[in-house]
Amino acid sequence: MASHRKSRPAGTRVAGIRTPALATAALTSVALLSQSADATPAADGAPSLEEVEKKVDALYRQAESATEKYNAAKERTGKQRKRVDTLLDDVARRTQKLNEAREELGSFAAAQYRTGASAPDTATFLLADSPQDYFDQTQLMSRLTTRQKGAVDDYVTEQSATMKKRREAAQGLQTLTETQSDLHTAKATVQRKLSDARAVLSRLTAEEKARLAAIEKEKREKAAEEAAELAKRQAAEKAAQRQPDTSASLSSAPSSSSGAYSTKAQKTLAFARAQIGKPYVWGATGPDSYDCSGLTQAAWKAAGVSLPRTTYDQVNAGTTVSLAAAQPGDLVFFYDDVTHVGIYIGDGMMIHAPKPGAYVREESLYYDGESAIHSVVRPA
């Protein structure tokens with residue numbers, strides 16, 4: 001799947017957004033819990049809540065990464081299957097035409113046999129390994145009638161075209177088999193990671209689950225504070241843009257506070273808000289459930305904009321802007337491997353399909369920490 005992603009060196013910045021080498025959900029969990037008593041290993045050697053959360057978080061991230069690989073393989077498989085079907089239909093049509101051309105040549109051979117004619121030995125031609133070899137050896141073409149020449153030409157043309165299409169179909173079937181194998185591998189990976197996460201959580205006591213819920217609440221509160229800070233920075237940038245003497249030094253991102261983009265963004269957000277409360281299901285594109293890129297694709301489709309299926313391709317389907325310049329409707333991507341995406345709604349908040357077991361919801365861009373934010377892209 002690497003072909004779907006642009007490689008970037010560690011520590012680089014994309015339009016003002018930091019992309020650290022190890023921006024993972026697990027690191028965020030460690031930072032939040034490092035001073036917690038829950039970080040201390042249990043006396044009986046059981047993992048601490050910090051370790052449990054870190055492991056579950058990592059499994060969900062791995063499942064989401066495998067989901068995007070599954071989405072990409074599914075898309076490739078669908079396209080390849082259509083191509084193979086088209087090739088096989090073409091082979092069938094050409095084979096029929098080849099048979100018709102062979103039958104016409106056969107009728108000449110039969111007529112020669114009945115009449116004992118010595119001119120054009122069509123039967124010998126039909127038995128030759130290669131029509132062209134036969135022509136070269138016997139100079140048959142010089143002795144054929146106009147009608148017979150036409151029949152031979154048709155036969156040779158159809159034979160060559162049919163053989164070519166058969167080779168293409170065989171290659172297409174081989175490629176289809178490979179993409180189907182990728183699809184099955186990604187599907188198995190997703191299922192395995194989710195099963196592992198459920199197994200870890202199932203071993204927690206009711207008290208431990210309650211403490212994890214409290215930790216999650218603390219994370220959400222911190223994320224909300226960071227979203228509010230971003231909203232202040234964005235407001236300051238907008239104010240600066242209204243100053244004539246400073247506008248030239250600001251971000252060159254395309255202005256879209258009004259006009260066509262704003263109209264499309266409003267339609268996108270209206271659709272996204274209508275999906276709130278629907279479950280995250282890996283590989284889903286609606287209308288009853290979504291994964292992260294399935295939601296963003298469907299939302300922008302409602303505004304008349306066609307986005308690619310996967311996060312790997314969506315991140316390249318528009319103009320990259322700075323986080324401070326983000327506007328409602330922009331896509332916000334997460335993690336170094338670009339495996340999560342949400343739709344920005346303003347004030348540091350987004351709508352996204354978070355993870356297995358969760359539902360489409362509004363949430364702070366900082367739900368997994370600032371370091372998790374990869375880039376912001378304006379798709380239209």
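Student: Leaving aside its neighbours within four places in sequence, with which residues is Thr162 in contact?

Tutor: In this predicted model, Thr162 has its place in helix H5, residues 146-202. Once neighbours within four places in sequence are set aside, the residues in contact with Thr162 are Arg94, Thr95 and Leu98.

Student: Does Thr162 count as buried or exposed, and at what relative accessibility?

Tutor: A residue is called buried when its relative accessible area is under 20%. Thr162 therefore counts as buried, its relative accessibility being 0%.

Student: Which residues lie nearest the centre of the largest pocket?

Tutor: The space in this pocket is about 710 Å³. Helix H2 (49-115), helix H6 (206-241) and strand E7 (361-364) are the elements that each give two or more residues to its lining. Of the 30 lining residues, those nearest the centre are Asp57, Glu216, Lys219, Lys355 and Arg361.

Student: How many residues in the lining of the largest pocket are charged?

Tutor: The lining holds 15 nonpolar residues and three polar ones. The charged residues in the lining number 12.

Student: In strand E8, which residue is the bridge partner of Val332?

Tutor: Strand E8 spans residues 373-378 and is mostly covered, with six of its six residues buried. Strand E4, residues 331-334, runs antiparallel to E8 and is joined to E8 by four bridges. Within E8, the partner of Val332 is Val376.

How values were computed:
Residues are numbered from 1 along each chain as its sequence is written. This is a predicted model: local features need pLDDT of at least 70, side-chain atom pairs count only at pLDDT 80 or more; totals for chains, interfaces and linings use all residues. Side-chain values use heavy atoms; hydrogens and water are left out. On a 1 Å grid over the protein atoms alone, a cavity is a set of points where a 1.4 Å probe fits but cannot get out, and a pocket is an open set with protein on both sides within 12 Å along at least five of seven lines; lining residues have an atom within 4 Å of a point. Grid points are joined across faces, edges and corners, and a volume is the space filled by probe spheres set on the points. Ala, Val, Leu, Ile, Met, Phe, Trp, Tyr, Cys and Pro count as nonpolar, Asp, Glu, Lys and Arg as charged, and the others, Gly among them, as polar. Buried means under 20% relative accessible area, exposed over 50%, partly exposed in between (1.4 Å probe, protein chains only). Two strands pair if DSSP finds at least two bridges between them. Contact means heavy atoms within 4.5 Å.
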